[in-house]
Amino acid sequence: MTSVAALTAPLPTDVSPDGVALLALERATQDRPLGLVALLAEAAPDVDGVVLVARDEDAVVGMASARLLGSEAHVIRLAVEGAHRRRGLGRALLDGLVAWASRTDARALVLEVRAGNDPALALYAVAGLVVDGRRPRYYPDGEDALLLRCPIPVDGGGR
Ligand SMILES: CC(C)(COP(=O)(O)OP(=O)(O)OC[C@H]1O[C@@H](n2cnc3c(N)ncnc32)[C@H](O)[C@@H]1OP(=O)(O)O)[C@@H](O)C(=O)NCCC(=O)NCCS
């Protein structure tokens, strides 16, 4: 059975099963992968952030993180392990970030994505994110970044 939930204390270490899985996901999906401490610190609750993990049974097979900056929730990571893609986990993680953002002061969820990242752009399109700008040659290999945004419905429940 799959599930999505926020990562809570005690946080994984780089030798725990969750930590090993998160590092493997980071190395498989990032040009310049972070270590576990930096990866989790970027979106820690004490900086108004969140880390969500998707599990298949107990194993971490996906993660998403975001941080509140002013009135915008910035997506830091969204990744699903290769063998678990196209099963709705990316969408569930994205929906989880929107739900988190709706409990903050965020009025929009924003992110940057490679202009040629077709799977991610397809996911964002079905989830209702719209292209809001382009940063030419944003990535070290010269690829453009697209800026995507979706408004956040007001939850009304507060934090
Ligand atoms: C982008 C990513 C997170 C999508 O995760 P996922 O779990 O496969 O996505 P989902 O199964 O929830 O897909 C939901 C919908 O998005 C669209 N979609 C997702 N991947 C797609 C693909 N490869 N081709 C076409 N459409 C795709 C489809 O409409 C899909 O619905 P469907 O399967 O019913 O057709 C995953 O491909 C990934 O981890 N990529 C590497 C990391 C990355 O690029 N992250 C984004 C950084 S901004």
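**View 1. Arg-137 sits in the loop between E6 and E7.** Arg-137 is exposed, with 10 other C-beta atoms within 10 Å. A residue is exposed at 12 or fewer such atoms, buried at 20 or more, and partly exposed in between, with C-beta atoms placed from the backbone. Phi of Arg-137 is positive, about 50 degrees, although the residue is not a glycine. This is a predicted model: local features need pLDDT of at least 70, side-chain atom pairs count only at pLDDT 80 or more, and totals for chains, interfaces and linings use all residues. Residues are numbered from 1 along each chain as its sequence is written. Helices (H or I, at least four residues) and strands (E, at least two) are DSSP runs, numbered from the N terminus.

**View 2. E6 is an edge strand of the sheet.** Seven strands form an open sheet in the order E1-E2-E3-E4-E5-E7-E6, with mixed pairing. The edge strands, E1 (2-6) and E6 (130-135), each pair on one side only. Two strands pair if DSSP finds at least two bridges between them. On average, neighbouring strands of this sheet are turned by 25 degrees against each other, direction ignored. Axes are lines fitted to C-alpha atoms, for helices over the stretch in contact; angles run from 0 to 180 degrees between N-to-C directions. E6 pairs with E7 (residues 145-151) in the antiparallel sense, over five bridges. Arg-134 has Leu-146 in E7 as its bridge partner. Of the six residues of E6, the number buried is zero, so E6 lies largely in the open.

**View 3. E3 and E4 pair in the antiparallel sense.** E3 covers residues 59-69 and E4 residues 72-80, with eight bridges between them. Gly-62 stands opposite Val-80 in E4. Helix H1 (residues 17-29) packs on the sheet and touches E3 and E4. The direction of H1 makes about 75 degrees with that of E3. Helix H3 (residues 89-102) also packs on the sheet, touching E1, E2 (49-56), E3, E4 and E5 (108-114). For H3, the angle with the direction of E3 is about 30 degrees.

**View 4. H3 has buried residues that pack against strands and a helix.** The buried residues are Leu-89, Gly-90, Leu-93, Leu-94, Leu-97, Val-98, Trp-100 and Ala-101. They pack against E1, E2, E3, E4, E5 and H4. Contact here means C-beta atoms, placed from the backbone, within 7 Å. At 1.5 Å a residue, the 14 residues of H3 should span 20 Å; the end C-alpha atoms are 20 Å apart, which agrees. The expected span is 1.5 Å times one less than the number of residues.

**View 5. The ligand is surrounded by 19 residues.** The closest are Arg-85, Gly-90, Arg-91, Pro-119 and Ala-122. E4, H3, E5 and helix H4 (118-126) each give two or more residues to the shell. H4 gives the largest share, five residues. The shell divides into 11 nonpolar, four polar and four charged residues. Ala, Val, Leu, Ile, Met, Phe, Trp, Tyr, Cys and Pro count as nonpolar, Asp, Glu, Lys and Arg as charged, and the others, Gly among them, as polar.

**View 6. Ala-6 lies in strand E1.** Ala-6 counts as exposed, with 11 C-beta neighbours inside 10 Å. Leaving aside neighbours within four places in sequence, Ala-6 is in contact with Val-50, Val-51 and Leu-52.

Terms used: Two residues are in contact if their C-beta atoms, placed from the backbone, lie within 7 Å. A residue is near a molecule or strand if its C-beta atom, placed from the backbone, lies within 6 Å of it.
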